Amino acid sequence: MYTLYLIPSACSLAIQVMLRELNQPFTLVDQQNTENFIALNPANKVPALVENGNVYTEGAAIMLYLLRTHSSKMWPSSLDLQQQIIEDLMFANASMHPAYGRLFFASQAIADEPARQLFLEEAARQINQLWQVVSLRLQQREHKGRFLGGGIPSAADIFLAVYARWGAHFFVDIQIPKNVQQMLDGVMARPSFKAALLSEQSLA
Ligand SMILES: N[C@@H](CCC(=O)N[C@@H](CS)C(=O)NCC(=O)O)C(=O)O
């Protein structure tokens with residue numbers, strides 16, 4: 001049984017979606033109501049996943065742990081396909097996540113309104129470039145499926161759907177290409193995603 005430490009709507013949502021896709025039992029704990037969470041994860045970030053006393057941190061690493069531990073179509077045996085899944089996952093986690101993170105950072109750290117808006121717009125421009133990369137990746141995939149993972153979402157598709165929701169919090173023009181929007185809609189329409197959102201709400 002897993003325990004997932006989360007902040008509602010944060011990147012930890014993707015881990016809950018993956019746990020559901022893999023039919024794994026879990027309990028949810030809101031990090032904001034957890035005393036001394038820093039003892040669990042010195043980086044003081046969610047997600048943190050605990051299983052049998054082992055603490056797993058870093059969202060991309062947790063995704064890989066789950067994929068390699070619980071067999072599913074989301075982790076094919078071909079090394080080439082695994083490499084593609086890892087590359088997409090790292091792109092999501094190490095490029096898109098920090099790009100959206102800059103929006104949150106600017107909102108909190110830049111007091112001067114015009115300067116903040118300039119920063120936010122530049123951050124949005126970089127985010128839009130990254131969504132173009134996702135679009136290109138989808139077009140170039142031989143499988144021609146709706147998701148980066150083909151007919152089923154990959155860990156990267158799930159992370160990207162979580163990040164895409166964050167744009168609504170900011171007054172910036174985030175442009176998501178049509179094929180990417182179809183991918184995101186497909187992830188968000190899955191029972192795993194809907195149920196994950198509902199369980200986060202019920203924690204409040
Ligand atoms: N490198 C970490 C970053 C995780 C991260 O930035 N988590 C955010 C939520 S999306 C967080 O915990 N924010 C709370 C805070 O910084 O206080 C990972 O990929 O897991």
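Across the interface of domain 1 and domain 2, two residue pairs make polar contact, both at pLDDT 80 or more. The model is a predicted one. Salt bridges are absent here: the count between domain 1 and domain 2 is zero.

The area tells its own story. About 1,300 Å² is buried between domain 1 and domain 2. Carbon and sulfur atoms give 78% of that area. Which three residues supply more than any other three of the area that domain 1 buries against domain 2? They are Cys-11, Ala-60 and Phe-193, and they supply 38%.

Now step back to the domains themselves. Domain 1 is built from two pieces of the chain, 2-72 and 191-203. Domain 2 covers 79-188. The centres of domain 1 and domain 2, taken over C-alpha atoms, are 20 Å apart.

Leu-197 is 180 residues from Val-17 in sequence, yet their C-alpha atoms are 8.9 Å apart in space. Which residues touch Leu-197, once neighbours within four places in sequence are left aside? Leu-197 is in contact with Leu-13 and Arg-165.

Next comes the whole fold. The protein chain has eight helices and four strands. Along the sequence they follow the pattern β-α-β-α-β-β-α-α-α-α-α-α. The radius of gyration is 17 Å, close to the 17 Å that the globule rule gives for 204 residues, so the chain is as compact as a globular protein of that length. Along its principal axes, the C-alpha trace spans about 50 × 50 × 25 Å.

Side chains of opposite charge can pair when their charged atoms come close. The structure holds five salt bridges. One of them joins the side chains of Arg-137 and Glu-87, with an N to O distance of 3.7 Å. Where do these two residues sit? Arg-137 is in helix α5 (residues 113-140) and Glu-87 is in helix α4 (residues 79-109), so the pair ties together parts that are 50 residues apart in sequence.

Two backbone details remain, and each sits in a loop. Val-46 and Pro-47 are joined by a cis peptide bond, with omega at about 0 degrees. Pro-47 is placed in the loop between α2 (37-40) and β3 (48-51). The second detail is a phi angle. Is phi of Ser-9 positive or negative? Phi of Ser-9 is near 70 degrees, a positive value in a residue other than glycine. Ser-9 is placed in the loop between β1 (2-6) and α1.

How values were computed: Residues are numbered from 1 along each chain as its sequence is written. Side-chain values use heavy atoms; hydrogens and water are left out. Domain bounds come from an automatic or database domain assignment. Buried area is the accessible area (1.4 Å probe) that two parts lose on being put together, summed over both. A salt bridge is a side-chain nitrogen of Lys or Arg within 4 Å of a carboxyl oxygen of Asp or Glu. A polar contact is a pair of N or O atoms within 3.5 Å; within protein, one must be able to donate a hydrogen and the other to accept it, and residues adjacent in sequence count only if both atoms are side-chain atoms. The radius of gyration is taken over C-alpha atoms; the globule rule is 2.2 Å times the number of residues to the power 0.38. Contact means heavy atoms within 4.5 Å.
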